[in-house]
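Colleague: I would like to learn how to read the features of a model like this one, beginning with the strands. Could you take me through it step by step?

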Amino acid sequence: MNLKTANLSKHCSHKIALLALLTFGTSISLSSHAAPLTISQQQAVNAHFSKLAQAQYAAETQMTEQLKQDFSQQLTAQEHEFMNDICPKYGMTFDVTTNACLRS
């Protein structure tokens, strides 16, 4: 067994031990909290999950909009860079307002 194999098996045995510990702890935790929720408790849990879902949706929407905006800005910058490079090759200049090559 070389050094890499020894380190790999050590990491695997640590992961297996951690997984076993978590599984055992979860089974004890679940069995000790097995009492059914009252109606008011269930309503509180449902309200909490609803608020979490709303917050997640808002965060995802905000992130998506920011990504779209960033992408559009990067795309525009790359288009302008390309046009600034290509227009002079044909004896023209790039006009930012019309996004076109114009004859000089």
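Modeller: Buried here means under 20% relative accessible area, exposed means over 50%, and partly exposed lies in between, with a 1.4 Å probe and protein chains only. This is a predicted model, in which local features need pLDDT of at least 70 and side-chain atom pairs count only at pLDDT 80 or more, whereas totals for chains, interfaces and linings use all residues. Residues are numbered from 1 along each chain as its sequence is written, and side-chain values use heavy atoms, with hydrogens and water left out.

Colleague: Which elements make up the secondary structure of the protein, and in what pattern along the sequence?

Modeller: Helices (H or I, at least four residues) and strands (E, at least two) are taken as DSSP runs and numbered from the N terminus. The protein has two helices and two strands, which follow the pattern α-α-β-β along the sequence.

Colleague: In what sense do S1 and S2 pair, parallel or antiparallel?

Modeller: Two strands pair if DSSP finds at least two bridges between them. S1 and S2 pair in the antiparallel sense, over four bridges, and Asp 95 stands opposite Ala 100 in S2.

Colleague: What is the phi of Asn 99, and where does this residue lie?

Modeller: Most residues other than glycine have a negative phi. Asn 99, however, has a positive phi near 55°; the residue lies in the loop between S1 and S2, a hairpin with four residues between the strands. At 47% relative accessibility, Asn 99 counts as partly exposed.

Colleague: Which cysteines form a disulfide, and why is that disulfide left-handed?

Modeller: A disulfide is a covalent bond between the sulfur atoms of two cysteines, and the rule applied here asks for a pair of cysteine sulfur atoms within 2.5 Å. The count comes to one disulfide, formed by Cys 87 and Cys 101 with their sulfur atoms 1.8 Å apart. The torsion about the S-S bond is about -75°, so the disulfide is left-handed. The pair links distant parts of the chain, with Cys 87 in the loop between helix H2 (39–86) and strand S1 (92–95), and Cys 101 in strand S2 (residues 100–103), 14 residues apart. Cys 87 is buried at a relative accessible area of 1%, whereas Cys 101 is partly exposed at 27%.

Colleague: Which side chains meet in a salt bridge?

Modeller: Side chains of opposite charge can pair when their charged atoms come close. The rule asks for a side-chain nitrogen of Lys or Arg within 4 Å of a carboxyl oxygen of Asp or Glu, and by this rule the count comes to one salt bridge. Glu 65 and Lys 68 form that salt bridge at 3.7 Å, N to O; both lie in helix H2, three residues apart, about one turn of the helix.

Colleague: Where does pLDDT stay under 50?

Modeller: pLDDT is the predictor's confidence in each residue, from 0 to 100. The protein averages 83, and 74% of the residues score at least 70, but pLDDT stays under 50 over residues 1–8. Where pLDDT is low, the predicted coordinates should not be read in detail.

Note on methods:
Contact means heavy atoms within 4.5 Å.
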